[in-house]
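This report goes through the fold of one chain, some details of a second chain, and the place where the two meet. Please keep the sequence and the structure in view while reading.

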Amino acid sequence: MFDFGFLEGYEQDFIDGFLTTIGVSLFALVLSLALGTVIAVFRISGVKPLEWFGTAYVEFFRNTPLVIQVFFFYVGLPALGIKLSAFLVGSFGLSIYTSSYIAEAIRAGIQSVPKGQMEAARSSGLTYIQAMQYVILPQAFKLIVPPLGNQFINLVKNSSVLAVIAGGDLLYAADVAGTEQDITPIYIFVAVLYLLLTIPLSLGVNYLERRWSKAGTR
Amino acid sequence: MDFSVVFNEAHLKFLWDGLLVTLEVAAAAIVLSFILGIILGTLRYTRLPVISHLATLYIEVIRNLPLLLIIFFGWFGLKEWGVELPITMSVILSMTVFTSALVAEIVRSGLNSVDRGQIEAARSQGFTYLQTLNYIIMPQALKRMIPPLVSQFVALIKDTALAVAITLPELTHNAQIIYNKYPVAAIPMLLFVALIYFVINYSLSLASRRLEKKLAG
């Protein structure tokens, strides 16, 4: 059957790599959620300069490669005298990239709630924040969460970009272990580890999508 | 910021060569993954025993893996098996394998958005199953598939930059070679290259939005 001999001497690399992949994904998720929310708020703020900034941010980062964004931090920050670990460089690149998608998911969710509801809520005496909190966001939530789940899956997959900058993630561990032996079994092993992370997330997203679309959102 | 290293004639020529490789790989992978994706998505949709399950297995495994892993496999893995593809072919193959799984999902949800009752209606009119898919279901589904397909292909164009990891001489790789030689030019070079990707992808997105409006109207 499957021979795990290739693991010998590299056990720690794979454990560290697996944990790094999970760590980077979670860290970048938190950062990109924060950034994405701010940009989404900019885009629906009604304040023209903020809207322009938000639109430019989303369009630029969605339409340029992730690798380039990571390279910006990788070669750009040292040029400014700032030295960061590959973990942070990768997380920042991933967060910028992913935040542009998250901002769009949040904006689309909020704007799918008919405008009249905001007006109705405001005219019945709620402040803008209250109207958002009690009327708009609870309805938008069900439309926002499944795409956010998909972005998290993408983050886990995209975290492999760390391998390009020797970031010590799971794919990098595969590269290291594969330098002096057959790499095919190593790739299969690593693929299974990625699937262990992504398939449950996919199933979760599918479940939410089915459940919430049946509930008759909108 | 000093752009003189970027706008040097030899360097611009080198970047141009890289851009051509990027576009060549992207165009080939887009065409191939579209064809393979339509086949896989339709197979999954048909509910044929075994075949639709195999299609589902392929789609779910591939789309849940990192593309970079597939690119590595298509280069280092295949070499180990004695399959010596030119690097361009290897990247086209890997990108096609990956993107076809995502296209298949777009195709399937496009097909699913058409009422299955129409199949019965067409069948009762004497259409075969294939004719029904071809003339009744697919044309309606295609319209709805355009926006997600274009986003997927924009993603593909961006993702060709990942092949920098196996030194495919595409745009990002050639830029990297230049700025490794002239480290001061790294940021201007990355900005310039990012702008090239942006112009291509943003134009595609705009064209897709226009097409979408036209089809809807």
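## Basis

Two residues are in contact if their C-beta atoms, placed from the backbone, lie within 7 Å. The model is predicted, and local features need pLDDT of at least 70, side-chain atom pairs count only at pLDDT 80 or more, while totals for chains, interfaces and linings use all residues. Residues are numbered from 1 along each chain as its sequence is written, and chains are lettered from A and ligands numbered from 1 in the order in which they are written.

## Chain A

Chain A has eight helices and zero strands; here helices (H or I, at least four residues) and strands (E, at least two) are DSSP runs, numbered from the N terminus. The C-alpha trace of chain A spans about 70 × 45 × 25 Å along its principal axes. Of the contacts in chain A with a separation of 6 or more, 75% join residues 24 or more positions apart.

Buried residues make up 43% of the 218 residues in chain A. A residue is buried if 20 or more other C-beta atoms lie within 10 Å of its own, exposed if 12 or fewer, and partly exposed in between, with C-beta atoms placed from the backbone.

## Annotated spans

An unreviewed UniProt entry lists residues 20-45, 66-89 and 186-208 of chain A as "transmembrane region". UniProt positions are given in the numbering used here, feature names are shortened, and annotations may be inferred rather than shown by experiment. Residues 186-208 of chain A are 100% helix and 0% strand, with end C-alpha atoms 34 Å apart. Residues 66-89 of chain A are 75% helix and 0% strand, and their end C-alpha atoms are 12 Å apart.

## Inside chain B

Helix H4 of chain B (residues 87-112) has 26 residues, which at 1.5 Å a residue should span 38 Å, and its end C-alpha atoms are 37 Å apart, which agrees. The expected span is 1.5 Å times one less than the number of residues. Because 20 of its 26 residues are buried, H4(B) is largely enclosed by the rest of the structure.

B:Leu20 lies in helix H1 (residues 9-46) of chain B. Is B:Leu20 buried or partly exposed? B:Leu20 counts as partly exposed because it has 13 C-beta neighbours inside 10 Å. The C-alpha atoms of B:Leu20 and B:Glu170 are separated by 7.5 Å, although the two residues are 150 residues apart along the chain.

## Where the chains meet

The contact takes 30 residues from chain A and 29 residues from chain B. On the side of chain B that touches chain A, H8(B) gives the most, with 10 residues.
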